[in-house]
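Here are some notes to read alongside the structure, written for someone opening it for the first time. Take the points in order, with the model in view.

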Amino acid sequence: MINSVLFVCLGNICRSPTAEAIFREKAPRRGLSVIADSAGTAGWHLGKAPYEPMQTTAAEFGYDLSPLRARQVAQKDFSNFDLIIAMDQQSLLDLKALTLRANTAHLRLMGAYISAGSPPDIPDPYYTRDFVGALKIIEQAIDNMLAAQWPK
Ligand code: 4NP
């Protein structure tokens, strides 16, 4: 049983905090009490709130990112969380490079919940500037993830 999920991207100010907030909104609606958190593989934005344009877009869709603060992935995350979701291939590779043999968390690509065959990367709106597009993809992935991991 998966009781905790960590969403991971590069900076922890766009994609993974959005995934965390959407998951926190949707999981209880399915009657789930699953712990959710997010982190970045890089530590550039430690302690910072999510990127302002991402916050604004998320708010338009009903998700509040304002309480979230960026942090970097830590070794203990690999034993504290049951499932770690990487937003793209590079994040997954970076996570695997950090993984020790004793780690218990399952590592998975977010894109696997969109297309199992060839999981797409979640496009990074920090570079694409398409905050709405990224949010909609993440929203769909979370819906699919909830149905796949916690079937009713
Ligand atoms: P994120 O996007 O990984 O979705 O949080 C980024 C945010 C900041 C940077 C890169 C990606 N940056 O280079 O500062």
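**Notes on the predicted model**

1. Let us begin with Gln55, which has its place in helix H2. Please keep in mind that this is a predicted model. Is Gln55 buried or exposed? At 15% relative accessibility Gln55 counts as buried, because the cut-off for that class is under 20%. Leaving out residues up to four places away in sequence, Gln55 touches Ala49, Pro50, Leu65 and Ser66.

2. One of those contacts deserves a second look. Leu65 and Gln55 stand ten residues apart in sequence, and their C-alpha atoms are 5.6 Å apart in space. Leu65 belongs to the loop between H2 and H3. With a relative accessible area of 1%, Leu65 is buried. Setting aside neighbours within four places in sequence, Leu65 is in contact with Pro17, Thr18, Ala21, Pro50, Met54, Gln55 and Ala58.

3. Now turn to the sheet. Its four strands form an open sheet in the order S2-S1-S3-S4, and their pairing is parallel. Which strands are at the edges? They are S2 and strand S4 (106-109), each of which pairs on one side only. On average, neighbouring strands of this sheet are turned by 25 degrees against each other, with direction ignored.

4. The pairing of S3 with S4 can be followed residue by residue. These two strands pair in the parallel sense over four bridges. Among the partners in S4, Arg108 is the bridge partner of Ile85, and His106 is the bridge partner of Leu83. The chain goes from S3 through H4 to S4, a β-α-β crossover that is right-handed.

5. S3 and S4, as noted, are joined by four bridges in the parallel sense. H4 packs on the sheet and touches S1, S3 and S4, and its direction makes about 165 degrees with that of S4. H1 packs on the sheet as well, touching strand S1 (4-9) and S2, and the direction of H1 makes about 155 degrees with that of S1.

6. Not counting residues up to four places away in sequence, Phe7 touches Ser16, Ala19, Glu20, Phe23, Ala36, Asp37, Ser38, Ala39, Ile85, Met110, Ile142 and Met145.

7. How many salt bridges does the count come to? The count comes to seven salt bridges. In one of them, the side chains of Asp88 and Arg15 meet at 2.8 Å, N to O. Asp88 lies in the loop between strand S3 (83-86) and helix H4 (89-98), and Arg15 in helix H1 (residues 15-26), so this pair ties together parts that are 73 residues apart in sequence. Both Asp88 and Arg15 are buried. A network of salt bridges links Arg15, Asp88 and Asp124.

8. A further salt bridge joins the side chains of Arg71 and Asp37, at 3.0 Å, N to O. Arg71 is in the loop between helix H2 (52-60) and helix H3 (77-80), while Asp37 is in strand S2 (residues 35-40), so the pair ties together parts that are 34 residues apart in sequence. Arg71 is partly exposed, with a relative accessible area of 22%. Asp37 counts as partly exposed at 22% relative accessibility.

9. To finish, have a look at Arg29 and Glu25, whose side chains meet in a salt bridge of 3.6 Å, N to O. Is Arg29 buried or exposed? Arg29 counts as exposed, at 58% relative accessibility. Glu25, at 35% relative accessibility, counts as partly exposed.

Key:
Residues numbered from 1 in each chain as written. Predicted model: local features only at pLDDT ≥ 70, side-chain atom pairs only at ≥ 80, totals over all residues. Heavy atoms only, no water. Salt bridge = Lys/Arg side-chain N within 4 Å of Asp/Glu carboxyl O. Buried < 20%, exposed > 50% of the residue type's maximum accessible area, 1.4 Å probe, protein only. Pairing = 2+ DSSP bridges. Axes fitted to C-alpha atoms, helices over the stretch in contact; angles between N-to-C directions. Contact = heavy atoms within 4.5 Å. Right-handed = clockwise from strand over helix to strand, strands pointing away.
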